[in-house]
Amino acid sequence: MNKKFLLIFFFSLVVLATQAQNTYTLKGKVIDAQTKEGLWGAHVIPDCKDGSVGAVCDEDGSYILTLKSAECNVNFHFLGYETITKTVSFKGVRTMTINIELATTAQLKNGVEVTAQRYEMKRDESVSSIEYVGSKYIQDNNITSLDDAFDQVGGLVIVDNEPQMRGGSGFSSGMGSRVMIMMDEMPVMRVDAGRPAWNLIPMENIEQIEILKGASSVLYGSSAITGAINVRTAYPKGKPETKVSLYTGMYSRPKVDYRCSWEKGTVPLTGGFSVSHARKIKKLDLVLSVEYAHDDGFVNYCDADSIASSKASLYEDWMHGSSSFDFDDTSKYEKLVKENRVRANFGTRYNVNENMSFGLNGNFMYSKNVMTHFWLNADNGMYNVYPGSVTKMRDIMFFVDPFFKYYAKNDQVHSLKARIMYSNNFATGDQDSRSEMYYLEYQYAKKFKKAGNLQLFTGAVGQFARSQGNVFSGVSILDTGQPILPKYSGNGAVYVQLEKKFLRQENLTLLAGGRYEYYQIFEEFGHFLADPESGNYVEAKPVFRAGINYNIVRSFTFFRASFGQGYRFPSIGERYLTTKVGIYGFYPNPDLLSETSWNVELGVQQMFKLLGFKGCFDIAWYYQKYNNYVEFFLGPWLTAEQEPRPFYRYGFKFFNTGQARIMGVDANIAGEGNIGKKVKYTLYFAYSYTNPKVIDTNKIFTSTMTNDYCYMNTSSDTSGQIMKYRIEHMLKLDFNFKFFDLFSVGMNAQYYSLMKNVDNFFYTMDRFNEEAPRAVRGSKQAFPFDGLQAYRENHRSGTWVWGLTANIELWNIKLSVLVSNLFNKEYSLRPMCPEAPRLTTIQLVYKFVEGEPAFPKRKH
């Protein structure tokens, strides 16, 4: 027995020794070619048929790969970077060291994700859908306001300044966004209205934009119920750099000339410039920028009488295509300038040592702009404004952000950041408002190595806001005769999240987290519980999230699944909005409740290479269910005693409408390739389908003395139970060719399906709708709804919008021509709000790097 055991043991040693002699070790680092930082998560994949398994780089980019063949090809790959293939030959050695530098690609730059996790993590390892917009796309497309940056982001559209993510929201007149807009992970929202401050973001100083899709309330609280957008500002990386951008553009006359709202021989223009400078001064990182922007716009004001004094004359205008108004009568015409804006930004970061940094960032803006709510009518008044629906504003806004970060021993990180934000809005129509926001957040991170590198992230957030103005008073100052008291809102929250990687290659990620938040709106201090007498509104809710990501390393396949809860407290504006637009009012609802949701997503991402094209395919299925969903309704909300004129009783108001659910598919392909050695091309294609449905269509959400109102009698189209103001189908396409690394030309396109369901009152107040009440059809009063039903029938198939880009780069100068709405399509995404006609822009960008020639020779 002992002899047999010794014999087996001996042969086992021989086999192990033979196997050891037939294995080889490859090690080294994979780093970023520009920053020289290690690429955590880069893949090292052997291309041989001996069963050798790949490796994943650790935090500093290091890898160790065991091979069974003495010679084979090894691929070094990281999403968003060019793949490098090396032929490795072990001649006379068993161990070899190879260090690799990967350069980023133009189209697939993955970036560092901070939105989904509140810490650095790659897109392919995320448990939820994420997209990025890089600084190169922002510069190449002359994007000067954040809301213009998402034409090539699937599932996201900006409708009349409101972000709609996967059909999660509709029309709400800019109140109560369901997508949280942030800059450096802190909110950039008007705290009174819950509206994104799009034009406050310094687009000339952006590292990248991160778009997280799906409920994100666990990490970012209220307003992130359908997603979040985070803008990450840039800091200097190498030599001091100065960049100057100049542009000018002009609008084309509408294709149907009689709809044009400006005089023949004149051209509405856009123009502006920006200058930014970034440099390192010993331990100090410094960024400075300034921007000026002017936009004449394409909508103007003309008195309704000069277009149509009656239904008959308006009908004749439509039939004969007569001029929309008489420019000789200048008393009835007013040119509206869309915006004049000045913006300045600074960023500082002082690096005390490699473990500690602190700084102060800030942004200031002064803007004169015009908000137009409704067109005059759906034909010859399409690019004119309905009387009284123009709001002229002067905005003064700024914020300052102090921050501190400390990397302690034992893999601990302490982070403290704050924001003080001020907004003063001077507006016509008694709509002045002023607000301040104070935001403070502490975050702690810890990696527990003994627990298998379990990652802990936890933090506490506090926010206090003050708002004052007639527009958000909840009462009419004419009715009370009393001074308007300010409204206050406050919220505090704590959150925690755990994340851990499993398996030998750490290619399985599990994540779980939770948040508890307290929120209140009040007029009097000292009340921490709900108090009807003082108007104190209080709610507190816990929410949770969990997710999984599994990576098949060899095939570059990533599977993900996530569950998340969301909530949204109504903004001050939604509860207390009180104003007038034309003959239509906006009325308060102080009884409005918060809405909650839960969201499930299943997704897969696949890297591939086909005929020289290297790309990434991503598809996700999602389902989100809401309770107490908040919708914006047009209806006769005033009584005869309050308003004796019948047509003046109509207005808009927010209501809780009950349960709803949104389901859909979001898919995209992005990549790049070469045609020979002189031509490069990039491609992006995205398609999204959303199916938003009301669950209880007969739920009565409000009643008047004459009627009960529910989904069925307030909707223009109840087939399919589709929610109002939703774009169900959306397609986006972008392809670009670059020749000799010198000249590039590209095309882009967006398709938007028609909003199937809108307020039924839009049709009943249309004087040309045969089914409208007799009193409406016989009225001499002009309405912005006139012709709307016919317009929507003519556009039932949806809208294609094309664009063209072309540029040439000489030395460090780039000259570009950009054409949006190339075929001058006349269209409207939100009813009664026209989109821009063709806009042709010429842009010149110059970049100077200290220590280099002013006009360096290009390397081809």
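The legends below describe close-up views of a predicted model.

**View 1. The second largest cavity and its lining.** Rolling a probe the size of a water molecule over the atoms shows where empty space is left.

**View 2. Elements that contribute to the lining of the second largest cavity.** At least two lining residues come from each of the strands β12 (179–183), β14 (189–190), β28 (433–448), β29 (454–468), β30 (487–502) and β31 (508–522). The helix α3 (217–220) likewise supplies at least two residues of this lining.

**View 3. The hairpin of β30 and β31.** The strands β30 and β31 run antiparallel and are joined by 15 bridges. They form a hairpin with five residues between them, and in the turn Leu503 has a positive phi of about 75°. Within this pairing, Lys501 has Thr509 of β31 as its bridge partner. Because 11 of the 15 residues of β31 are buried, this strand is largely enclosed by the rest of the structure. In a regular strand the side chains alternate between the two faces of the sheet.

View 4. Strand β32 (residues 537–552) runs antiparallel to β31, and 14 bridges join the two. Thr509, which is the bridge partner of Lys501, stands opposite Asn549 in β32. Asn536 is found in the loop between β31 and β32, and it counts as buried because its relative accessible area of 5% falls under 20%. The side chain of Asn536 makes a polar contact with the side chain of Gln520, at 2.9 Å.

**View 5. An open sheet of four strands.** The strands are arranged in the order β3-β2-β5-β6, form an open sheet, and pair in an antiparallel manner. Since β3 (55–56) and β6 (84–89) stand at the edges and each has a single partner strand, one side of each is left without a neighbour in the sheet. Strand β2 (residues 43–47) and strand β5 (residues 71–77) run antiparallel and are joined by five bridges. In this pairing His43 stands opposite His77 in β5.

**View 6. Tyr709 and Lys699.** Tyr709 has its place in strand β43 (residues 708–709). With a relative accessible area of 4%, which is under 20%, Tyr709 is therefore classed as buried. From C-alpha to C-alpha, Tyr709 and Lys699 are 8.2 Å apart in space, while 10 residues separate them in sequence.

**View 7. Two cysteines, Cys57 and Cys833.** Cys57 counts as buried at 3% relative accessibility, and Cys833, with a relative accessible area of 9%, is also buried.

Terms used: Residues numbered from 1 in each chain as written. Predicted model: local features only at pLDDT ≥ 70, side-chain atom pairs only at ≥ 80, totals over all residues. Heavy atoms only, no water. Buried < 20%, exposed > 50% of the residue type's maximum accessible area, 1.4 Å probe, protein only. Pairing = 2+ DSSP bridges. Polar contact = N/O pair within 3.5 Å; in protein donor to acceptor, adjacent residues only side chain to side chain.
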